[in-house]
Amino acid sequence: DFADLDLSVMCLPHAVLADFEAVSLRADERRKFNVLVAHGQFDARLGRDFGGVDIPFGKLVPHEWDYMAFGHVHARLDVGTNGAYAGAVEHTGTDIWRGATERKGFLSVEL
């Protein structure tokens, strides 16, 4: 919680998402800005490197978050209208040739 910025950030690491049903995914209504950070994937076709956890997109309540930042998929990819995978800056994964052709980098987001 960053009260001075009127911002709440919820971070969900890989281990938490393994028991997705136990996680409460609601934005903090006390804050003007809410950001969700999660390490998982929405579709097995996006990549299964190193045991990814599937996230049911609808259960994230996407309309409550100002921005959703995702990890695990190592390519730049938009998710819905307010989320994205930035892509790993290193060429990591089980298919290095595919990884070499994917967009990767950092995202700067203004809330």
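Predicted model: local features only at pLDDT ≥ 70, side-chain atom pairs only at ≥ 80, totals over all residues.
In which strand does S8 lie? Residues are numbered from 1 along each chain as its sequence is written, and side-chain values use heavy atoms, with hydrogens and water left out.

S8 belongs to strand β1, residues 7-12; helices (H or I, at least four residues) and strands (E, at least two) are taken as DSSP runs numbered from the N terminus. S8 is classed as buried because its relative accessibility is 13%, where buried denotes under 20% relative accessible area, exposed over 50%, and partly exposed the range in between (1.4 Å probe, protein chains only). Apart from neighbours within four places in sequence, the contacts of S8 (heavy atoms within 4.5 Å) are D1, D28, R31, F33, N34 and V35.

Strand β3 (residues 67-71) is mostly covered, with four of its five residues buried. Strand pairing requires at least two DSSP bridges between the two strands. Strand β2 (residues 33-39) pairs with β3 in the parallel sense over five bridges, and V35 has Y67 of β3 as its bridge partner. Parallel pairing also joins β3 to strand β5 (residues 83-85), over three bridges, with Y85 of β5 as the bridge partner of F70.

Five salt bridges are present, each defined by a side-chain nitrogen of Lys or Arg within 4 Å of a carboxyl oxygen of Asp or Glu. One of them joins D6 and R31 at 3.7 Å, N to O. D6 lies in the segment before β1 and R31 in the loop between α1 (14-17) and β2, so this pair ties together parts 25 residues apart in sequence. D6 is partly exposed at 27% relative accessibility, whereas R31 is buried at 19%. D1, D6 and R31 are linked in a network of salt bridges. A further salt bridge connects D28 with R30, with closest N and O atoms 2.7 Å apart; D28 is buried at 16% and R30 exposed at 60%.
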